Amino acid sequence: MEKQDYDGPILEIDKLSISFFTRLREIPAVMDFSATVMPGEALGLVGESGCGKSTVALGVMQDLGVNGRIVGGSIKFKGRDLNTMSQDELRDIRGSEIAMIYQEPMASLNPAMKIGKQLAEVPMIHEGVSEDEAMKRALEVVTDVKLPDPQRILKSYPHQLSGGQQQRIVIAMALMSKPSLLILDEPTTALDVTVEAAVVELVKDLGKKYGTSMLFISHNLGLVLETCDRICVMYSGEAVERGSIEDVFDKMQHPYTQALFRSIPLPGADKNARPLVAIPGNFPLPHERPQGCNFGPRCDYFEEGRCDADMSIPMEIIEGHDRHQSRCLKFKEIDWNAPIEVGEQKEKAAAGDVVLKMDNLKKYYEVAANALFGGGDKKVVKANETLSFEARESETLAIVGESGCGKSTFAKVLMGLETATDGQIILDNRSIGDTPIEDRDTKTVADVQMVFQNPFDTLNPSMTVGRQIIRALEIFGVGDSDADRKDRMLKLLDLVKLPRAFADRMPRQLSGGQKQRVGIARAFAGDARIVVADEPVSALDVSVQAAVTDLLMEIQREHKTTLLFISHDLSIVRYLSDRVMVMYLGHVVELGTTDQVFAPPYHPYTEALLSAVPIADTSVEKKHIVLEGDIPSAMNPPSGCPFQTRCRWKDKVAGGLCEKEVPAVRMMADGHQIKCHLSDDALAEMDQVIKIAAE
Amino acid sequence: MEPLTWTGNVGDFLNPIFWIAAVILLVSVIAQIILSFFAEEMTLQANPDGTLMRRGGLFGLVERLTKYSFFAVVLIVLAYIILGVVLPYGSVGIVGNMAKQFTPVWLALIATFALSITFKRSLGLYGKLFDSTVGMIGFGLVMFWVFTAGFAGMFDMLATHDPLQQISGLKNKLPGVPLPEGVEGYPHYLLGGDNLARDVFSRMVYGSVIVIAIAPLATVFAFMVGITLGLPAGYYGGRLDTILSFLANLILAFPVILLFYLLVTPEIVATGIPTFMATVLFIFPLVFFGVLINSRYHTQPTQRTIMLAVVLGVLGLLYLSLISQEGTVFNFMPAALDLFDISSGILVVFVSVVFVNSPTVFRIVRGLALDLRTRDYVAAAQTRGESSWYVMLWEILPNARGPLIVDFCLRIGYTTILLGTLGFFGLGLPPESPDWGSTINEGRKLLLIFVHPALPPALALLSLVLGLNLLADGLREESLKD
């Protein structure tokens with residue numbers, strides 16, 4: 001198909017409404033949504049899960065499935081209405097003019113087809129070019145997405161590539177036909193932070209190079225800030241605010257946008273002095289939306305009789321800004337510059353005695369090549385290598401690292417699900433590293449508990465909430481009778497601020513945040529003293545994250561719990577932890593107080609990690625560091641320093657020492673240690689990665 | 001007495017209507033298939049009131065015609081049945097009289113459906129079954145045979161004659177044949193007589209008792225064995241898994257029919273192998289329930305001990321009565337305590353069905369456990385120090401129930417066919433047994449001349465297995481919806 005030249009807006013969505021029809025009712029997923037994407041422009045679509053942002057993307061693709069219908073409005077692509085096109089016309093446009101990139105790279109690639117062939121298919125179908133020509137184009141694009149050894153990549157199958165490489169291939173495939181519009185639906189959510197940073201960088205560069213317009217869907221405000229020119233904030237099926245990045249980030253005109261920014265940990269937030277402000281209440285279900293303003297019931301500026309009047313609230317243009325609109329009746333009256341009402345300030349609890357001590361902990365796995373009869377070659381995977389640290393009472397120790405860094409293995413050894421290969425774990429002067437969980441006494445087991453990552457997986461789906469908590473009480477030997485335990489269970493629900501009626505509910509009737517609260521209640525059933533929180537909020541929506549984090553902090557203050565907070569999100573780590581431990585491929589590369597770790601001198605990996613984390617604040621300037629390549633596999637770690645394959649400081653160390661020897665731990669300042677070969681001078685040269693521009 | 005026709009007097013006016021409706025249905029279905037190649041793509045239109053409109057035109061017309069003629073056919077079939085139940089004997093034909101015989105079954109079915117549909121919102125997965133048409137049809141078919149077996153087996157209702165009674169002169173007589181003058185009892189052989197002059201209809205009804213009694217019970221045992229071995233294999237993995245999976249594969253690879261022949265060979269029975277196998281296989285439910293209760297209540301020892309004593313006591317007594325048989329290697333129970341004896345033929349059938357079914361169940365459970373053991377709630381249970389069996393039976397098993405329930409329904413169907421196969425080969429059950437497999441086998445000998453003795457049990461088997469499969473489909477569909 002010939003591509004027409006067109007210089008108007010690439011995509012014009014006007015008052016779009018999309019509904020899904022079920023047997024019971026019509027469920028409006030998107031209502032009165034308008035947006036315009038100009039050539040070469042990137043529009044970010046931000047909102048919590050269920051707000052309809054992916055539905056908009058599918059609507060543009062005209063791929064809403066059997067139940068979905070566009071019930072109003074129009075979607076114009078280069079001036080042509082997509083709603084009235086026939087299936088044949090749509091097929092021509094999809095993949096050639098509009099391309100889409102999905103969240104799960106592995107699910108977007110055909111596992112039974114070689115990469116080269118999959119890529120070549122696109123121009124062969126849409127432009128009818130010969131296979132040779134198409135393969136040539138594929139090679140070109142694979143080189144463009146900066147994959148090493150493109151020839152080899154073209155001949156491999158998807159499963160032979162890492163997640164980051166797969167996502168690059170998906171991007172390459174989308175770019176094969178030089179589309180005018182690229183739709184990215186959470187393209188980096190499944191990737192590690194440093195890999196994400198590289199992919200985002202790539203998308204940005206390619207967008208410029210090919211002049212492609214982009215519709216970037218994400219829940220991460222920081223990511224949108226880095227990639228987009230304009231932003232549209234969605235809430236419960238409606239766009240509530242849209243405008244340029246600067247306007248929306250700095251001069252927001254809708255209470256939801258404001259609440260969203262107040263609930264994410266930006267630099268400067270502090271758990272004691274300036275706690276996050278969680279958005280009260282829950283996201284309304286599509287068929288239970290309130291009258292009037294959808295955000296009304298959770299809004300600080302809610303005015304009865306006006307915000308809940310039975311009328312739809314129009315998008316209004318804000319004077320003096322560049323195409324800035326807000327869906328709020330009161331935006332002119334609200335004083336947007338009023339300082340945040342500082343919530344109650346809390347005293348920082350003083351760290352007490354050392355409760356937990358790791359001493360040269362090592363965990364190796366032996367992986368046999370042949371499972372059936374044993375024997376054969378055995379490989380040793382070093383999941384944890386000489387781990388040493390201490391954790392004190394009522395202290396939060398954050399463990400930071402990407403996938404494969406050994407943080408989960410460490411948690412397993414601490415919990416007793418695995419035993420240590422070498423070294424010791426000392427809990428209250430008793431060594432528990434060699435004691436599997438069956439041999440630990442009830443007190444020890446109840447003392448060390450865990451909060452899990454995935455809220456949809458943390459509760460047994462076929463047992464009531466109350467029953468699950470009571471079971472934990474039973475097993476920890478709390479309470480004398482069933483009535484006693486029931487009483488305790490209700491008190492635990494109070495502790496995590498859930499209504500007592502939830503005791504009889506099944507987990508599927510709870511939202512993600514509520515489930516996570518039950519998980520916390522269960523962990524504290526036996527008055528746990530050490531709680532390992534394995535990314536407890538990363539799977540939750542932004543507005544819920546703050547509430548769950550605060551809850552954890554509050555319980556910690558009350559119970560003097562030691563919290564081991566495993567995370568890859570440095571923003572939240574900076575917000576809530578007292579000390580930070582950075583891990584890479586089983587090694588602790590840096591350990592120190594939060595201030596020490598977040599300020600130079602850094603370990604080169606920490607430096608890159610800090611630079612990779614997107615921060616949703618326009619006043620923050622970040623040093624730009626993009627790591628090459630992927631995280632090496634723990635099965636086959638690099639020689640010498642684990643980080644040497646991706647380190648940008650490597651050439652500053654003489655004699656290739658990095659490739660030969662694992663560096664020793666060096667004490668930098670009191671309690672601050674770094675595992676690196678760099679000289680003191682080189683380390684002192686490092687700049688601050690995150691700078692907050694002077695106000 | 002006159003022989004009965006299929007539809008009797010009612011048929012005089014119903015038959016023509018029935019055939020007209022059937023022909024329209026057939027034609028419209030064919031037209032629909034042909035038209036679907038040419039008709040334009042489906043278009044949907046959303047109305048302001050939230051409803052959807054489907055396309056009209058020729059295609060829509062044919063579609064509607066198919067729908068209505070189908071309803072007409074169903075209605076007329078219903079009319080045959082209802083008129084048969086209502087009208088007196090003699091005015092309706094064979095179909096009507098059979099419907100009359102089944103009156104208690106119809107009443108029970110209506111009661112079941114009425115109650116279930118009324119309370120379907122509070123009945124969990126069972127209630128949701130009544131949201132699915134396929135599931136309801138399947139459930140209806142299954143319950144038809146369950147009730148038939150119940151009424152025939154427990155109250156001797158439904159059947160018109162004794163299944164073993166032979167009436168001279170009725171050998172291989174066609175359906176609707178009247179009894180000779182002077183013979184007491186029901187005046188007709190509704191579905192004719194078989195080659196030993198027994199009533200085919202009554203044999204079919206009594207055959208259901210054997211099938212319905214053995215198939216689900218054998219499946220339950222197969223599940224107990226499969227679950228008790230599959231859970232640890234999937235949960236622990238490693239060498240245990242390797243060994244158990246290998247054994248399962250070994251059994252699955254062995255030709256089933258040969259195995260059956262071996263098991264019923266008198267020489268093998270004399271060595272006591274089937275009895276030993278029964279001893280081993282039937283201990284699994286005891287193990288299962290024992291571990292189930294202990295792992296759950298070990299934190300409250302008194303409660304645990306009482307429950308264990310009661311459950312294991314009852315099950316143990318049943319188990320001992322079951323395996324202690326006269327004339328076998330195990331004959332140790334004093335007669336006063338031995339609750340019941342099972343004929344060795346049925347025991348062998350039972351053992352072999354459980355034996356060949358449990359490896360498949362084992363593999364399903366193992367696969368599910370392999371998947372579920374990586375869940376966070378399993379890790380949560382482990383980190384609070386639960387025993388492995390608690391994790392397997394209370395954390396993993398309840399969440400594997402969906403696929404297992406579906407497989408359970410399907411497996412009853414397989415077992416039913418397996419029983420038919422066994423009966424067909426004359427294995428296990430006594431030769432005069434009215435079970436469907438044996439009856440089909442007997443009917444087979446004269447199949448070219450007389451179809452009627454073999455057909456009813458075959459159709460009965462078909463409808464029961466079809467019902468079970470539809471039921472499984474409905475359950476799967478509904479359990480996925482949540």
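**Burial and salt bridges**

Modeller: In α18(B), the buried residues are Trp436(B), Gly437(B), Ser438(B), Thr439(B), Ile440(B), Asn441(B), Glu442(B) and Gly443(B). This is a predicted model, in which local features need pLDDT of at least 70 and side-chain atom pairs count only at pLDDT 80 or more, while totals for chains, interfaces and linings use all residues. Residues are numbered from 1 along each chain as its sequence is written, chains are lettered from A and ligands numbered from 1 in the order in which they are written, and side-chain values use heavy atoms, without hydrogens and water.

Colleague: What does buried mean, and how many residues of helix α18 of chain B are buried?

Modeller: Buried means under 20% relative accessible area, exposed over 50%, and partly exposed in between (1.4 Å probe, protein chains only). Helices are DSSP runs (H or I, at least four residues), as strands are (E, at least two), numbered from the N terminus. Helix α18 (residues 436–444) of chain B has eight of its nine residues buried.

Colleague: Which side chain does Asp32(A) meet in a salt bridge?

Modeller: A salt bridge is a side-chain nitrogen of Lys or Arg within 4 Å of a carboxyl oxygen of Asp or Glu. Asp32(A) meets Arg327(A) at 3.2 Å, N to O. The two are 295 residues apart, with Asp32(A) in strand β2 (residues 26–37) of chain A. Arg327(A) counts as buried because its relative accessible area is 3%, whereas Asp32(A), at 27%, is partly exposed.

Colleague: Which residue of chain B pairs with Arg471(A)?

Modeller: Arg471(A) forms a salt bridge with Glu386(B) at 2.8 Å, N to O. This pair crosses between chains, from helix α14 (residues 465–475) of chain A.
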